[in-house]
Amino acid sequence: MLRSALLAASRSPQVRTMVEKFPPTHAIVERFVAGDRLDQGVSATETLVSSGRKVTLDHLGEDTKDAEQAAATALAYEHLLTALKETGLAADAEVSVKLSAVGQFLPVDGEKIALENARRICQAAADAGTTVTLDMEDHTTTDSTLGIARELRADFPWLGVVLQAYLRRTEADCRDLAHEGSRVRICKGAYKEPESVAFQGKREVDLAYVRALKVLMAGQGYPMVASHDPNMIKIAGQLAEWNRRDVTSFEYQMLFGIRPEEQLRLAEAGNTMRVYLPYGQEWYGYFMRRLAERPANLTFFLRAMATR
Ligand code: FAD
């Protein structure tokens with residue numbers, strides 16, 4: 001119930017205006033977001049990299065209905081990638097992009113505009129010597145996102161995509177994408193989805209995550225294990241061993257601000273541990289999904305609001 005309400009609120013302009021009016025939320029937001037500005041994203045990247053972790057940066061934004069804003073987001077990514085190149089961080093930091101932030105939902109030619117904007121970002125990443133992963137949003141975008149990824153991979157074969165274990169289709173998508181050179185981030189899924197397309201209960205989703213991991217670890221691609229769940233992390237390690245995978249042939253990923261000690265433990269054990277690091281002013285949707293994932297975060301948030 002609470003999860004559903006928070007996920008509904010994450011897409012409500014009215015609730016968004018209300019939440020954004022309270023500056024103290026910034027203290028809470030900072031737990032999950034590096035800051036408003038590019039230099040704060042770069043500086044947080046430097047800190048993470050110096051502790052042995054890799055990074056994937058997200059210039060926050062999603063669901064834009066404005067072509068100029070979509071182009072501005074692509075430009076912001078180009079600036080970010082130039083900064084990563086100039087600071088020497090590009091070897092350890094890539095970027096994550098939401099296609100809805102670069103035009104996928106525009107009423108006219110949305111997919112075409114998103115493809116062209118994403119192409120600009122991929123070209124900037126290639127120039128900087130790093131990679132891009134396309135985030136996955138709600139299930140209505142899955143076919144479109146995988147289609148755009150397919151087109152981009154013709155020129156940028158290193159482009160990564162995300163699959164969400166809670167979707168019933170995902171095991172089959174994993175089979176399609178478990179080929180050589182394919183970078184797939186497997187996560188549980190963060191949106192409110194109907195039962196017709198998605199498993200609903202934690203146990204069902206966890207079992208689906210394990211099935212997806214089995215396919216990806218047995219395949220020829222590069223699995224990116226995005227989870228904070230100790231069971232999923234343990235099973236991923238075991239599957240890597242059973243499939244005789246070298247530690248360089250897959251990686252773990254977690255969100256900035258969540259289980260940092262576990263991030264360090266995995267990195268210190270010799271694994272590639274990548275932190276998803278968001279920055280920018282459009283933190284609302286991202287932040288609300290983090291609240292929905294864990295009720296304890298909501299208590300923390302409400303307590304801070306009450307003491308402002
Ligand atoms: P859960 O069962 O939700 O959590 C396991 C444990 O992790 C919890 O008990 C708690 O200790 C800790 N934990 C989990 N979430 C939180 C939190 N918010 N705050 C504090 N502790 C927490 N989803 C998408 O739909 N599309 C994407 O493109 C996408 N990209 C992602 C990229 C990365 C690198 C990661 C790590 C996640 C991404 N997600 C994405 C989110 C993902 O789908 C899940 O919603 C999220 O990771 C929580 O699932 P979990 O696997 O950690 O397991």
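Two residues are in contact if their C-beta atoms, placed from the backbone, lie within 7 Å. The exercises below concern a predicted model.

**Exercise 1.** Determine which residues Lys 98 touches, and whether Lys 98 is buried or exposed.

*Solution.* 
1. Lys 98 lies in the loop that runs between β2 (93-97) and α6 (110-128).
2. Leaving aside residues up to four places away in sequence, Lys 98 touches Gly 61, Glu 62, Asp 135 and Glu 137.
3. A residue is buried if 20 or more other C-beta atoms lie within 10 Å of its own.
4. Lys 98 has 26 C-beta neighbours inside 10 Å and therefore counts as buried.

**Exercise 2.** Describe the backbone phi, location and exposure of Arg 244 and of Arg 259.

*Solution.* 
1. Most residues other than glycine have a negative phi.
2. Arg 244, although not a glycine, has a positive phi of about 50 degrees; for Arg 259, phi is positive and near 50 degrees.
3. Arg 244 sits in the loop between α10 (230-242) and β7 (251-255), while Arg 259 sits in the loop between β7 and α11 (260-268).
4. With 7 C-beta neighbours inside 10 Å, Arg 244 counts as exposed. Arg 259 has 16 other C-beta atoms within 10 Å and is therefore partly exposed.

Methods:
Residues are numbered from 1 along each chain as its sequence is written. This is a predicted model: local features need pLDDT of at least 70, side-chain atom pairs count only at pLDDT 80 or more; totals for chains, interfaces and linings use all residues. Helices (H or I, at least four residues) and strands (E, at least two) are DSSP runs, numbered from the N terminus. A residue is buried if 20 or more other C-beta atoms lie within 10 Å of its own, exposed if 12 or fewer, and partly exposed in between; C-beta atoms are placed from the backbone.
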